[in-house]
Amino acid sequence: MVCSTFELFKIGVGPSSSHTMGPMLAGAQFVERVADSGRLSEVTRLETLLFGSLALTGKGHATDRAILLGLSGQRPEDIEPDAADLLVDTIRESMQIRLNDAHVIAFDEANDVIFDQKKRLDFHSNAMRFNAFHGDELLATRVYYSVGGGAILDEDQIGSNNPESGLWDVPYSFCSGADLLRIAADENISIADIMRANERTRQTDEQTSVAIREIADAMSACIDRGILQGGILPGGLRVKRRAPLIHARLMERQERSLSDPLTILDWVNLWALAVNEENAAGGKVVTAPTNGAAGIVPSVLRFYERFAPKADAAGVETFLLTAAAIGSLFKENASISGAEVGCQGEVGVACSMAAAGLTAAWGGTPLQVENAAEIGMEHNLGLTCDPVGGLVQVPCIERNAVGAVKAIEAARLAILGDGTHRVSLDEVIETMRKTGLDMSDRYKETSQGGLAVNLVEC
């Protein structure tokens, strides 16, 4: 199935698309479902059980906070971080929650939000169950899975051969990189043109352009906010925000920057760090394709806008439409979830998407775009997800900076060639999927291996 551009790029809040945005959306949908059944006023208690990776690293990823917001009727795309903080504080202090912003019940978070670290449901590590009670009577129950990038599936959807999520009649259906190249060759169009034609079945070209501009503006605003915000990131690791200091140093040495040709990469590093520091602080970000990897596409996009000789709005659209096409292949044929395949599914996919988008914006052929995407993932294969303290900070923030630079390198390598290469994107995607299956659960966003256990927390 082909994903829409706007399924890969969503405006939301940090620190995690799968552990924050997904659970928030699931909570909101469950309470809305109870309300639609006409039984919300009967609810006297609501229980949330978190399993697998959500249980193991949920507190570090603010899953508990997300659940409170979702049950209150808040959704990731509409939330304002400051207002959200106030709402969560009110719930915790009053020990009451207004379900769907309509029905108030007593709420004891310690007993009503349960982190079951010993249980993992079969379909996906990011699983949660909501139970609504009237006294001891179970009124409603439902299991949801947060499958990456802020997307969720419920128990009916995963048990169906025809799940609602992703259904889309499009003129150019593609399931592989080979399909993309064949369509591009047969129709004499670009990969971005393929995505635009598919979006046309839902909205006009003008509407697509406006929506892409909103995504690009949100990415840019996140960079700018991250550059301005100083201080210590929340969570207990006492990680200091570095973006403001780096920015100040780069501004100081602008006059002599021409003597160091790699100064451009310092700016790319800055932009990536700024986004992921904002994400770690719970700020507004764009999933690209996830929050943990949200800094790569924006920083490479700004690199294009600032340093490409002919950068323009059309190039930005080409960049993001192409990146979305590549992201769709990974989402449908492998995974974009760190809890499922490790960080190769987050930073690796973002690197591949950014490399492809930059190559296309530079005027690369579909063959060169596919080559760039392949290079971007090939050199992230096996990348583990082992966040220290369950927080999206170490090694996540720096990893985005490295991934952004790697994406630029992949694009440059592809542009230097004619698009022909030995390993195909499809082969790399399948390798990533199998590598993820082979990877120990300790390295899949559980904080039970790697840096998470070997770094002494001070």
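## Close-up views of helix packing and cores

**View 1. Helix 13 packs against helix 16.** In this predicted model, Ile 296, Val 297, Val 300, Phe 303 and Tyr 304 of helix 13 meet Val 347, Ala 350, Cys 351, Met 353, Ala 354, Leu 358 and Ala 361 of helix 16. Contact here means heavy atoms within 4.5 Å, and helices are DSSP runs (H or I, at least four residues) numbered from the N terminus. The contact residues comprise 12 nonpolar, no polar and no charged; Ala, Val, Leu, Ile, Met, Phe, Trp, Tyr, Cys and Pro count as nonpolar, Asp, Glu, Lys and Arg as charged, and the others, Gly among them, as polar. The axes of helix 13 (residues 296-307) and helix 16 come within 9 Å and cross at roughly 20 degrees, so helix 13 is roughly parallel to helix 16. Axes are lines fitted to C-alpha atoms over the stretch in contact, with angles from 0 to 180 degrees between N-to-C directions; under 35 degrees counts as roughly parallel and over 145 as roughly antiparallel.

**View 2. Helix 16 also meets helix 17.** The axes of helix 16 and helix 17 (residues 366-378) come within 7 Å and cross at roughly 155 degrees. The two helices are therefore roughly antiparallel. On the helix 16 side the contact includes Gly 348, Ser 352 and Thr 359, and on the helix 17 side Gln 368, Glu 374 and Met 377 are among the partners. By class, this contact has nine nonpolar, five polar and one charged residues.

**View 3. The largest nonpolar core.** Look for Phe 9, Phe 174, Met 219, Val 297, Leu 320, Ile 326 and Phe 330, which touch the most other members of this 92-residue core. Such a core is a set of buried Ala, Val, Leu, Ile, Met, Phe, Trp, Tyr and Cys residues joined through side-chain atoms within 4.5 Å. Helix 16 (residues 347-361) gives the largest share, 11 residues. Beyond its neighbours within four places in sequence, Met 219 is in contact with Phe 9, Val 286, Ala 288, Val 297, Pro 298, Leu 301 and Leu 320.

View 4. Nine of the nine residues in helix 4 (residues 63-71) are buried, meaning under 20% relative accessible area with a 1.4 Å probe, protein chains only. Among them are Thr 63, Asp 64 and Arg 65. Just after helix 4, Gly 73 takes a positive phi of about 100 degrees. A second, separate core of 34 residues includes Ala 66, Ile 67, Leu 71 and Ile 91.

**Notes.** Residues are numbered from 1 along each chain as its sequence is written, and side-chain values use heavy atoms, leaving out hydrogens and water. Local features need pLDDT of at least 70 and side-chain atom pairs count only at pLDDT 80 or more, while totals for chains, interfaces and linings use all residues.

Terms used. Buried < 20%, exposed > 50% of the residue type's maximum accessible area, 1.4 Å probe, protein only. Parallel < 35°, antiparallel > 145°, perpendicular 65-115°, else oblique.
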